[in-house]
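Let's take a quick look at the charged pairs here, and then at the nonpolar core.

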Amino acid sequence: VKVCFRNTWGQVCDTYWTDEDAKVVCGQLGYTGGKAFYGSGSASFYWRDAGGCRGNESIITACAFTTRVLSCSSYAGVSCYNFSSTNPTSISPSLATITN
């Protein structure tokens, strides 16, 4: 997951990344739910390595977070899905890019 916050793009570090965080990201992208995934990578800036979402926020930047200008070796990802009792559908894990 990448986030543009105050005109700076950053990867979301997966420290403390949970399904509640994924639910908020997927909801912001128009899905009804989501699951947390984790991946490797490197960047000189990462976003949100502490705190987290409760799951009821409407946008990821409303969740508790910190920003760091350091490196992070493992990044957050999401698998988003739409679910109804008659027609469940899911989306494979993919890059979610959020601008705020």
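## Salt bridges and core

The count of salt bridges comes to 2, taking a salt bridge as a side-chain nitrogen of Lys or Arg within 4 Å of a carboxyl oxygen of Asp or Glu. Bear in mind that this is a predicted model, where local features need pLDDT of at least 70, side-chain atom pairs count only at pLDDT 80 or more, and totals for chains, interfaces and linings use all residues. Residues are numbered from 1 along each chain as its sequence is written, and side-chain values use heavy atoms, with hydrogens and water left out.

| Salt bridge | N to O distance |
|---|---|
| Asp19 – Lys35 | 3.4 Å |
| Glu57 – Arg54 | 3.8 Å |

The Asp19–Lys35 pair ties together distant parts of the chain, 16 residues apart: Asp19 sits in helix α1 and Lys35 in strand β3 (residues 33–40). Helices (H or I, at least four residues) and strands (E, at least two) are DSSP runs, numbered from the N terminus.

How accessible are the partners? Buried means under 20% relative accessible area, exposed over 50%, and partly exposed in between (1.4 Å probe, protein chains only). Asp19 is partly exposed at 32%, and Lys35 is partly exposed at 42%. In the other pair, Glu57 is buried at 11%, while Arg54 is exposed at 65%.

Now for the core, meaning buried Ala, Val, Leu, Ile, Met, Phe, Trp, Tyr and Cys residues joined through side-chain atoms within 4.5 Å. The largest one has 16 residues, and those with the most contacts inside it include Val1, Trp17 and Ile60. β1 (2–5), α1 (19–28) and β6 (74–82) each supply at least two of its residues, with the largest share, 4 residues, coming from α1.
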